[in-house]
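Subject: Handover of a structure

Dear colleague,

Please find the sequence and structure below. A summary of what was found follows them.

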Amino acid sequence: MSALRYGYGTNGFANHRLADAVGVIADLGYCGVALTLDHDHLDPFAPGLARRVATVADQLRDRHLGVVVETGARYLLDPWRKHAPTLLHDDRKLRLDFLRRAVAVAADLGAEAVSFWAGVRPPEVDERTAWHRLVDGCAEITDVAAMLGVPVGFEPEPGMLVEDLAGWHRLRDDLGAPAAFGLTLDIGHCRCLEPEPVPQCVAAAAPYLVNVQIDDMRRDVHEHLEFGTGEIDFPPVLRALIDGGYRGLVAVELPRHSHAAPAVARRSLAFLRAAEEEAHP
């Protein structure tokens, strides 16, 4: 039996209805879903949200699937600007509203975490102002999440204001290290830009992890790749997760592979199970 709980991200099933995506993910043998709130996947701004959330909660429960809520939809908030507005923009109120809604959805779903990131600093916003806005916004969302009992997984993202583990630690320190403020770690990002080898990166992050995304990647190239097509040796990485005591979802993050989602998801789970078997002593 696997020591890790593998999930799959719905952003890699963008051409499927959410119910169909959940069904395929469950039938393939995954343990959970990383649910990106988006236009066709539980849009938090569309009418009848409470009813739709209850329906999804029932589907997940019936399929015995865990869930984390992801907030990286590209054009949900603005049809012209990818990911905008972020917590760093002048008009960041919509982002804050979205994140508050995401936390509420996560609470109603019984989600294991809600994940978000900083965003790219707009050129018209100086670094000091951007950092102040980020700390302020994270404090607000973390407080809301703590009240609702939902762990926050903040994700360092290449090219964003917080792009690595050092930046995450700085942010956590400036927030006062609240208990509800955890870490979302994308394994591919470790290979992309972290200074340490990927297994050591995972081991260092382990005490703070509430959410893990997994994909292959190459050094200095932020492109999510299928397993075996990048540069990561996965058995030592999975061993580091196991040794670190991580019990949350390890969700495949392949947002550009929706055109072949069922086949890619099948291959991905087979690869991870084989890699974990190799990782066991």
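In helix α5 (residues 165-175), the residues L165, G167, W168, L171 and L175 are buried. Buried means under 20% relative accessible area, exposed over 50%, and partly exposed in between, with a 1.4 Å probe and protein chains only. Helices (H or I, at least four residues) and strands (E, at least two) are DSSP runs, numbered from the N terminus. Just after α5, G176 has a positive phi of about 90 degrees.

Please note that this is a predicted model, in which local features need pLDDT of at least 70 and side-chain atom pairs count only at pLDDT 80 or more, while totals for chains, interfaces and linings use all residues. Residues are numbered from 1 along each chain as its sequence is written, and side-chain values use heavy atoms, with hydrogens and water left out.

Helix α9 (residues 261-279) was examined in a similar manner. Its 19 residues should span 27 Å at 1.5 Å a residue, and its end C-alpha atoms are 26 Å apart, which agrees; the expected span is 1.5 Å times one less than the number of residues. Buried in α9 are A261, V264, A265, S268, L269, L272, A275, E276 and A279. They cover an arc of only 135 degrees around the axis, so they are on the same side of α9. The face turned away from that buried side carries the exposed residues R266, E277 and E278. Among the elements that cover the buried residues of α9 are β1 (5-9), α1 (18-28), β7 (209-214), α8 (234-243) and β10 (249-252).

The largest nonpolar core has 86 residues, and L109, L134, F154, L171 and I187 have the most contacts inside it. A nonpolar core is a set of buried Ala, Val, Leu, Ile, Met, Phe, Trp, Tyr and Cys residues joined through side-chain atoms within 4.5 Å. Apart from this core lies another, of five residues, among them A34, V68, A113 and A251.

Finally, the structure holds zero disulfides (pairs of cysteine sulfur atoms within 2.5 Å). C31 is partly exposed, at 32% relative accessible area, whereas C190 is buried, at 1%.

Yours sincerely

Notes: Arc of directions from axis to C-beta. Contact = heavy atoms within 4.5 Å.
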